[in-house]
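Please examine the structure shown below.

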Amino acid sequence: DLVKAFSYVGMAMALMPIIAPVFGGYLHHYFNWRAPFVFLLGYGIIIFILFFKWFPETNKSIKQSSIHPLHILKNYISIICHCRYLGFIFCSVFIFSGEISYIITAPFLLQTKLGLSAVQNGWLILITVAGFLGGTFSSKLLCEKFSVVQLSLVGCIVSISGALTMFLLALVVEMSVLTIILPMILYMYGVGLIYTNAGAGGMSCFPEKTGFVASLGGMLSLGIGGLITTFVAGLNITTQLPLASVLLTLALLSLSMLWLVREKQSC
């Protein structure tokens, strides 16, 4: 049940960075480069009001001591010292970093190098959603027959295959839309499997501390993912070969994190 429920959460987390370039492309095309920032400001204000008014606290047994800084720190330390949790969360973090690395690199390759427009770039990035949706749908069908570890492992292998395909194509043929998009669809199929199962696996390690687990997982994903993609943005990628190398490295790192997902519950 957790895998099925988390598939919706994981879907939203993965789809938003992919859908956003479509809207951003149109805003940039019809207005200017400042328009997406104005849109985000208004969007943020609306979301804040909605959450403030219609999303009350759901924990009926909350204690005042639970928000004490020392209590919060102890909970985070206990979670971050849990090898199985770290294995799941970093498996997701590295594969997430690969997805974001593609999103920040694709506009330069597709627009500057291949001459596409911002709108076309947005739609091509959106096409890769087909791979992700395939991964999440497969996870729903297979979660009752296979464990979250097994499905996460399959996801890593599929993503590695996609990155390796892009890498080999970069060596033998000239860069084109197809040599970038088709391997990325395969990579995103693996991302769909990993998001759903690694996310649910991490949450299941601390069923009594889901709030702490979710917040720490989000912080690690955005924090470490941000650092990795900042590094990638500074590489001055001009062809698909460096992009494929980054995707392959991150997919292999994601696979290696599953080594921590073992029977031993703590480090």
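## Aromatic residues and the nonpolar core

F96, F132 and Y195 form one aromatic cluster. Rings of Phe, Tyr and Trp (for Trp, its six-membered ring) are paired if their centres lie within 6.5 Å; planes under 30 degrees apart count as stacked, over 60 as edge-to-face and the rest as tilted. The model is predicted: local features need pLDDT of at least 70 and side-chain atom pairs count only at pLDDT 80 or more, whereas totals for chains, interfaces and linings use all residues. Residues are numbered from 1 along each chain as its sequence is written, and side-chain values use heavy atoms, with hydrogens and water left out.

A search of the whole structure finds 9 aromatic pairs. Two of them are set out here.

| Pair | Centre-to-centre distance | Angle between planes | Class |
|---|---|---|---|
| Y85 and F206 | 6.3 Å | 75° | edge-to-face |
| F132 and Y195 | 5.9 Å | 85° | edge-to-face |

The Y85 and F206 pair links distant parts of the chain, 121 residues apart: Y85 belongs to helix 4, and F206 to the loop between helix 8 and helix 9. Helices (H or I, at least four residues) and strands (E, at least two) are DSSP runs, numbered from the N terminus. F132 lies in helix 6 (residues 129-142) and Y195 in helix 8, so this pair ties together parts that are 63 residues apart in sequence.

F132 and Y195 are both buried.

The largest nonpolar core has 56 residues, and those with the most contacts inside it are Y85, Y102 and Y187. Such a core is a set of buried Ala, Val, Leu, Ile, Met, Phe, Trp, Tyr and Cys residues joined through side-chain atoms within 4.5 Å. Helix 4 gives the largest share of this core, 16 residues. Leaving aside residues up to four places away in sequence, Y102 touches P107, I125, T128, I180, I181, M184 and L243; contact means heavy atoms within 4.5 Å.

As for the whole protein, there are 10 helices and 0 strands. Buried residues make up 43% of its 267 residues. Among contacts between residues at least 6 apart in sequence, 87% join residues at least 24 apart.

Key: Buried means under 20% relative accessible area, exposed over 50%, partly exposed in between (1.4 Å probe, protein chains only).
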